[in-house]
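Subject: Structure handover and what was found in it

Dear colleague,

Here is the structure that I am handing over to you, with the sequence beside it. Please have a look at it before you read on.

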Amino acid sequence: MAHLVEPGEAVEKTVVQHRALLREPHDPSTTRVAADMENTNLEPSPPTGPRTTGRLSDRVREQHTAVHALLDQGVGLRAIARQLGLARNTVRRFANAADPDELLVGRWTGRTSILDPHKPYLHQRWAEGCTVARRLFEEARERGYTGGESVVKKYVAKLRENFPHDPPRKAPSVRDVTSWLTRHPDRLTDDQAQQLKAILTRCPALDRISHHVHAFAELMNDRQGKHLAQWIDSVQGDDLPALHTFVTGLGQDLDAVVAGLSLRYSSGAVEGHNNKIKMLKRQMFGRANFDLLRKRVLLAARGRS
C-alpha cells in the first residue's frame, strides 16, 4: 500500500489529538519502587556529638572563648559585639552557652533540606523512568521548589547510585504512528507492529481510523471505485472529524474520484510533468525570464527521451 497523502494528513491530525495515549501506561510496579525509595535513607546519618574539626567549628570555639573572656572583664554585650564585629544576638548566644559544644551540636543535627517536600515526587518520576537531573529540576521548580539545580543534581546522583535501572523505551512520535497507520501491515517490523497494536488498544479512535484508511487503500489497489459511496457513508457515521474533512474533499469531485479508483488510466504522468515544471520555476525564481524556463523544460524533456 503506497503512502496515502490526503488520508495521511487526516490520520496525523487524529494522532495529534490523542498523542497522550502514545506513551505506554505506567507500570504498577513503579508505585512499589517509589515506596521503596521513600523507605530508604539516602542521606548520611548526622553525627551524635558536636563537630570537633573544620573551619566553622574552630571559629565558633574561638569566638566563644573571646566573648567569655570579655564578659569576665565586665564588658557589656553591646561593647563585645562592637569590639568583635558580631551581631548582638550572636554575642548573646555565645554568652548563654557555657560550652561551645552546645552551639556546635545544633548546627549538624536535625537539619532539613529545601528539597525534602519534593522528594516523593522525584521518587515517583524516577520510578517512572525520568532520570535526567535537569528535567527533574524543571519539574520540581514548576511544583514550587525554590532551591538551586545543584541540590537536585546531587540527590539524583544518590538515586542513580542506589536505584539503577535500564532507561525506558522512548514513546513513538506522532510521525512514527502516522507512518505505521498508513503503511501496509506487512511492511512493519515486529516491534513496530507490537507497539501499534498496543496503541490501537489504548485508543479506540485511532483503531477506527486505521480500519477506514486500510479500507480506502483496498479501494485504490483493487480499483473498487463502485464501493466508494459505501466507504464514505461508513466514515461519516463515525466520530472522526479529521477524516470527515478528507471525505468532504472527495465529494467535491466525486465522479472523477470514482473514475480514478475504477479505471486503469491515470493522470500521474501529467501531474509528474507539472511538478517538474513547478520545481524548475522555483529554482529560477527572480533569476531569469520565461524564455530560459522554456529552454530548461525542453532540455529536461529531451534528457528523458
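Predicted model: local features only at pLDDT ≥ 70, side-chain atom pairs only at ≥ 80, totals over all residues.

Residues are numbered from 1 along each chain as its sequence is written, and side-chain values use heavy atoms, with hydrogens and water left out.

I begin with the core. A nonpolar core is a set of buried Ala, Val, Leu, Ile, Met, Phe, Trp, Tyr and Cys residues joined through side-chain atoms within 4.5 Å; buried means under 20% relative accessible area, exposed means over 50%, and partly exposed lies in between (1.4 Å probe, protein chains only). The largest such core has 31 residues, of which Val15, Leu181, Leu206, Phe216, Leu228 and Trp231 touch the most other members. The elements that give two or more residues to this core are α1 (5–17), α10 (174–181), α11 (190–202), α12 (204–221), α13 (228–236), α14 (241–251) and α15 (254–262), and α12 gives the most, with six residues. These helices (H or I, at least four residues) are DSSP runs, numbered from the N terminus.

Next come the salt bridges. Side chains of opposite charge can pair when their charged atoms come close, and a salt bridge is here a side-chain nitrogen of Lys or Arg within 4 Å of a carboxyl oxygen of Asp or Glu. A search of the whole structure finds seven of them. In one, Arg134 meets Glu149 at 2.6 Å, N to O, and this pair links distant parts of the chain, with Arg134 in helix α8 (residues 133–142) and Glu149 in helix α9 (residues 149–162), 15 residues apart. Glu149 also forms a salt bridge with Lys153, where the closest N and O atoms are 3.8 Å apart; Lys153 and Glu149 both lie in helix α9, four residues apart, about one turn of the helix. Salt bridges that share partners join Arg134, Glu138, Glu149 and Lys153 into one network. Arg134 is partly exposed at 39% relative accessibility, and Lys153 is partly exposed at 45%.

Another salt bridge joins Lys119 and Asp116, the closest N and O atoms being 2.9 Å apart. Which of the two is buried, and which is partly exposed? Lys119 is buried, with a relative accessible area of 11%, whereas Asp116 is partly exposed, with 31%.

Arg88 lies in helix α5 and is partly exposed, with a relative accessible area of 44%.

Two single residues remain. Arg223, in the loop between α12 and α13, has a phi near 50°, a positive value in a residue other than glycine. Most residues other than glycine have a negative phi. Val16, in helix α1, is partly exposed at 34% relative accessible area, and its C-alpha atom is separated by 9.3 Å from that of Arg175, 159 residues apart along the chain.

With best wishes
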